[in-house]
Amino acid sequence: PLTQTTPRRVLLKLSGEAFGGGTIGVAPNVVRRIAEEIAVAVDRGVQVAIVVGGGNFFRGAELANNGMDRARADYMGMLGTVMNCLALQDFLEQSGVTTRVQTAIAMGQVAEAYIPLRAIRHLEKGRVVIFGAGAGMPYFSTDTVAVQRLLETGGQEVLMAKNGVDGVYTADPHKDATATKIDVLGYNEALVKGLNVVDSTAFSLCRDNDVRMRVFGMDAPGNVTRALLGEEIGTLVVA
Ligand code: UDP
């Protein structure tokens, strides 16, 4: 019989904050760089699904703290993620990668609806699928959606790209000078110690479904490619 190797399929979560390059809106040079790094891995045969955050536009919790209704503010947050999806789609297409955007909130003029079987089909054909509008539900985060989309599209690993930090630390490295980077971490430990560089809901969904997660920094050039290709950078989180 023919030896059949399963292609590597991963879910890459990109923080919206990184897309903004430190301000509100989209920094084209940053998004172009990320797209080019993704294109290298796609060229090498990795099947890539992506969830993009929206922190460079709105975070529902922050707007709610300033007096807005939380659910409505969360919908604004979700709409922000769609703008990031379109920016990423544009630069990926410019890098020669075929892409589809699927959103959890219907907006037929700009994106397909989220249809899991269709997403899988795109991945099998070597297209990059970008998931927008989160889960379409207030009170969720895009970290959690990343894990859910990985589970539903049958990927092997969820890759959490972070800006400003290159893995999971024993404490917040921006606040505690004694914090050290952890190479391998269990989900329970992350939850008990409140290591919330990734949302606790995302951690517990991974734990309950035995999902592998790699948390890594996307500031260093080449790191997105490295993570997509399976290099052991950052922190591995396991059940
Ligand atoms: N959001 C939501 N439901 C979801 C995903 C996102 O309500 O399923 C909203 C929420 O307000 C969140 C915002 O969209 O603050 C942007 O997403 P997130 O904060 O996860 O982006 P990131 O921090 O990764 O840039």
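Four helices, α1 (16-20), α3 (60-65), α4 (70-94) and α6 (142-153), each supply at least two residues of the shell around the ligand; helices (H or I, at least four residues) and strands (E, at least two) are DSSP runs, numbered from the N terminus. The structure is a predicted model, in which local features need pLDDT of at least 70 and side-chain atom pairs count only at pLDDT 80 or more, whereas totals for chains, interfaces and linings use all residues. Residues are numbered from 1 along each chain as its sequence is written.

Helix α4 gives the largest share of the shell, four residues. In total, 22 residues surround the ligand, and the closest are Gly 53, Gly 55, Gly 60, Gly 77 and Gly 134; a residue counts as near if its C-beta atom, placed from the backbone, lies within 6 Å of the molecule. By class, the shell holds seven nonpolar, 11 polar and four charged residues. Here Ala, Val, Leu, Ile, Met, Phe, Trp, Tyr, Cys and Pro count as nonpolar, Asp, Glu, Lys and Arg as charged, and the others, Gly among them, as polar.

The axes of α6 and helix α8 (residues 200-209) come within 7 Å and cross at roughly 25 degrees; axes are lines fitted to C-alpha atoms, for helices over the stretch in contact, and angles run from 0 to 180 degrees between N-to-C directions. Helices α6 and α8 are therefore roughly parallel to each other (under 35 degrees; over 145 is roughly antiparallel, 65 to 115 roughly perpendicular and the rest oblique). On the α6 side, the contact (C-beta atoms, placed from the backbone, within 7 Å) involves Asp 143, Thr 144, Ala 146, Val 147, Gln 148 and Leu 151, and α8 brings Thr 201, Ala 202, Leu 205, Cys 206 and Asn 209. These residues divide into six nonpolar, four polar and one charged.

Helix α2 (residues 28-43) packs on α4 at an angle of about 55 degrees, with the axes 8 Å apart, which makes α2 oblique to α4. Val 31, Arg 32, Ala 35, Ile 38 and Ala 39 of α2 meet Ala 87, Leu 88, Phe 91 and Leu 92 of α4. This contact has eight nonpolar residues, no polar ones and one charged.

Overall, the protein has nine helices and nine strands. Its C-alpha atoms fill a box of roughly 50 × 40 × 35 Å, taken along the principal axes.

Definitions and conventions:
Contact = placed C-beta atoms within 7 Å.
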